[in-house]
Amino acid sequence: MQLQSKLPQVGLTIFSQMSQLADAHGALNLSQGFPDFDAPEALKEALQRHVQAGHNQYGAMTGVAALREHVASKIARLYRNPVCADKEVTITPGATQALFCAIQTLVRAGDEVIVFDPCYDSYAPAVTLAGGRCVHIALNSVDFSVDWQKFADALTERTRLVIINSPHNPSGAVLQRSDLQQLADLIRERDVYLLSDEVYEHLVFDDQSHCSVLTHEELYQRACVVSSFGKTYHVTGWKTGYMVAPAKLTAELRKVHQYVSFCAVTPIQHALADFMQAQPEHVDQLPAFYQRKRDQLCLAIENSRFTFVPTASTYFQLLDYRAIRDDLNDVQMAHWLTTEHGVASIPLSVFYQQAPVDQHLLRVCFAKQEDTLSLAGEKLCAI
C-alpha cells in the first residue's frame, strides 16, 4: 500500500531542526521560542497542589470554569470587552490547537485564506487540511507593516478567512488601531471571518499598547481571538491556550475542539486559575520584564557586526547579518552560526511562501537568563 500524503511539502519544522542542531553542537539555543528560566514558584506549587488534591481526570470540554472566568475578567479589565466566560471563552491544549480548530471550523473546500508573510508555520498546513488555499501577502520588508491596498486587491468572492498576528512573530511589529479600522472597512460588506493570533499580547515594549481585536467591537463580531498561557506565564511546555469568540461562533468552534482533544489538562487549568487570582499583576509586569531582556541583548551585541532595530514586541529580535556573510542565504547562515560559532537562530525565509531575495535576517529569542544573554553577546561579537 502507498500512503498519499495530505501535506507532501511538510517535513520536520525548522524549530525542531535548529534545536537538534544546537544540541548536537552544544550551541546556545536562541532559535525555538521558549524561556530557559523557570515558571513562578507559586504557579508550580499550585500545580503540585491540584495534582495531589486529585484534580487529574477529564475537565469540562469548554475549560475549567474558574480559569475561563479569570480570562474573561482580564479581557474586561485590559480591553473593556465584557465577554461571557461561559459562552465566549474556551480553554485549549495550546494556542496552536486553537488556531487549528478555528481554521477547521471556518474554512471549506475551495475557500481562500489571506495570510501575511512572514507568518507562523502552522497556518498554511491547517488551511490545506481544511481544503482551502492560502493567499500570501508580503508585509513591508523594512518595517513589516501591512499594505492595505495589496490586501484589498487580494480579496475575492472566495475569501473566507483572514489571519492576522499581532504582536507579530517573527518581526515584532504591532498593528495599530488604524490598521484594525482599515481591515474592518475592507471586509465590512463581505462574508469574511477573522482569526487573530495574539499569543504575545502582553509583550509590547516602549510604552506602546497592544491593539487587540477584542477592543474593536465591529471586528470582534466575526472574529476568533487566540492567546497562550504558555507565553504569558513562562510555561510553554504546559501547552495551554484559549480562544475567545462571539457565542454563535464559539458554539461551532467547540464542536471541532471536542473531537480534537476534548479538553485541556485539568490540574494545569486549576493551577493557572489560582495564579491568575493571586497575582493578576503578573501580566502588567511582563512588558518591563521582557524589555529589560531585549535591552540587555541589544546592548550586548551593540558592537557586533550584526545590524538591528530593537524589536517592538514578542521575545524575538531580528538580526541583519549581511555585513558578515552576504554570500550565504539565511538557512545556510543559521547553520553556519550554530556549527561554527555556537549560537542557534531561525532563518526568516522559512516564514515566507517566497522570501525577498535581498533579505539577510535571522531571528533570535531573548527569553533567556542574564548569563545566557551575556554569553550570546560575547559569541556574536566575536564573529
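This report walks through salt bridges in a predicted model.

## Overview

Let's begin with the total: a search of the whole structure turns up 17 salt bridges. A few of them are picked out below.

## A buried pair

Glutamate 201 and lysine 74 join their side chains in a salt bridge, with an N to O distance of 3.0 Å. This pair connects distant parts of the chain, 127 residues apart: glutamate 201 sits in the loop between β6 (193–197) and α9 (217–220), while lysine 74 belongs to helix α3 (residues 65–79).

How accessible are the two partners? Glutamate 201 has a relative accessibility of 6%, so it counts as buried. Lysine 74 is buried as well, at a relative accessible area of 9%.

## From helix α13 to helix α3

Another salt bridge pairs aspartate 284 with arginine 77, and their closest N and O atoms are 3.2 Å apart. Because aspartate 284 lies in helix α13 (residues 282–300) and arginine 77 in helix α3, the contact ties together parts that are 207 residues apart in sequence.

Here the side chains fall in the partly exposed class: aspartate 284 has a relative accessible area of 42%, and arginine 77 has a relative accessibility of 36%.

## Aspartate 38 and lysine 44

Aspartate 38 and lysine 44 also form a salt bridge, where 2.6 Å separates the closest N and O atoms. Lysine 44 counts as partly exposed, with 27% relative accessibility.

## A network

Finally, which residues are linked in a network of salt bridges? They are Arg108, Asp111, Arg160 and Asp191.

Methods. Residues are numbered from 1 along each chain as its sequence is written. This is a predicted model: local features need pLDDT of at least 70, side-chain atom pairs count only at pLDDT 80 or more; totals for chains, interfaces and linings use all residues. Side-chain values use heavy atoms; hydrogens and water are left out. A salt bridge is a side-chain nitrogen of Lys or Arg within 4 Å of a carboxyl oxygen of Asp or Glu. Buried means under 20% relative accessible area, exposed over 50%, partly exposed in between (1.4 Å probe, protein chains only). Helices (H or I, at least four residues) and strands (E, at least two) are DSSP runs, numbered from the N terminus.
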